[in-house]
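Me: I have a structure open and would like to learn how to read a few of its features. Please take them one at a time.

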Amino acid sequence: MTERSTPRISSRKQPKQSRSAGLVAAVLEAAARVLAEEGAARFTTARVAERAGVSIGSLYQYFPNKAAILFRLQTDEWKQTTDLLRLILEDAAQPPLVRLRALVHAFVRSECDEAQMRGALNDAAPLYRDAPEAHSARARGENTFQKFMREVLPDTSSAKRKLAADLIITTLSAVGKQFSTTAPTAAQIKVYSDAMADMFCAYIATVARD
């Protein structure tokens, strides 16, 4: 049986001059608009090039196909999330559970603010989710959370810490994504985030006692 090939998702080259950087920025901005407005099913390199006001040949200098553009948008989103994780969870001036609460609030707000784009990227995920680059990008955020769990559960076995981290990350991501589709108000986001934070803190306390 023939194995399905994984499309190339790495950029062809990195822009070295300001003009080239401007072209790439225009392509990515246009790609984000096309994806948000038309969805993953209608996303094409031709539409992106037209919206960006560049030739398809210029686009292909940097992105070999639409999967590469979508993956760049996704990695930028992953980087934002990872930076958010690191900024909040590594703030040693705050107690660990205070940091976790802050993370829940910030993540849920982010999900709601960017629900349309994140939903479209999720639809496009089959184009790149199995690529090595995707696994590497996701691992960076997971490593940050694992480091936090070692701090908050220092006397717990590594297996239990990993399970706790996986459960919290999976629940936060899945439930936050679902909640964001309801177009909640700021007050509803706060109530929902408080409830999720209460649940996570209670769970960590239970794990710590075991």
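Me: Is R33 buried, partly exposed or exposed?
Reply: This is a predicted model. R33 has a relative accessibility of 30% and therefore counts as partly exposed, as the band for that class runs between 20% and 50%.

Me: Which residue forms a salt bridge with R33?
Reply: The partner is E29, and the closest N and O atoms are 3.3 Å apart. Both residues sit in helix α1 (residues 18-38), four residues apart, which is about one turn of the helix. E29 is exposed, with a relative accessible area of 52%.

Me: How many salt bridges are there in the whole structure?
Reply: A search finds 15. One of them joins the side chains of E38 and R42, at 3.4 Å from N to O. E38 is partly exposed at 28% relative accessible area, and R42 is partly exposed at 45%.

Me: What does R101 pair with?
Reply: R101 forms a salt bridge with D198, with 2.3 Å between the closest N and O atoms. This pair links distant parts of the chain: R101 is in helix α5 and D198 in helix α9, 97 residues apart. R101 is partly exposed at 29%, and D198 is partly exposed at 41%.

Me: How are the two helices α5 and α9 placed relative to each other?
Reply: Two packed helices are described by the angle between their axes and the distance between the axes. Here the axes of α5 (residues 96-113) and α9 (residues 186-209) come within 9 Å and cross at roughly 140°. The helices are therefore oblique to each other, and their crossing is right-handed. Residues making the contact include L97, L100, R101 and V104 of α5, and I189, D198, F200 and I204 of α9. The contact residues divide into 11 nonpolar, two polar and five charged.

Me: Is E77 buried or exposed?
Reply: E77 is buried, with a relative accessible area of 11%. E77 lies in helix α4 (residues 66-89). Leaving aside neighbours within four places in sequence, E77 is in contact with E114, R118 and L121. A network of salt bridges links E77, E111, E114 and R118.

Me: Where is A183 found?
Reply: A183 is in the loop between α8 (158-180) and α9. Its phi is near 50°, a positive value in a residue other than glycine. With 65% relative accessibility, A183 counts as exposed.

Technical notes: Residues numbered from 1 in each chain as written. Predicted model: local features only at pLDDT ≥ 70, side-chain atom pairs only at ≥ 80, totals over all residues. Heavy atoms only, no water. Axes fitted to C-alpha atoms, helices over the stretch in contact; angles between N-to-C directions. Parallel < 35°, antiparallel > 145°, perpendicular 65-115°, else oblique. Left-handed = near helix turned anticlockwise from the far one by under 90°. Contact = heavy atoms within 4.5 Å. Nonpolar A, V, L, I, M, F, W, Y, C, P; charged D, E, K, R; others polar. Buried < 20%, exposed > 50% of the residue type's maximum accessible area, 1.4 Å probe, protein only. Salt bridge = Lys/Arg side-chain N within 4 Å of Asp/Glu carboxyl O.
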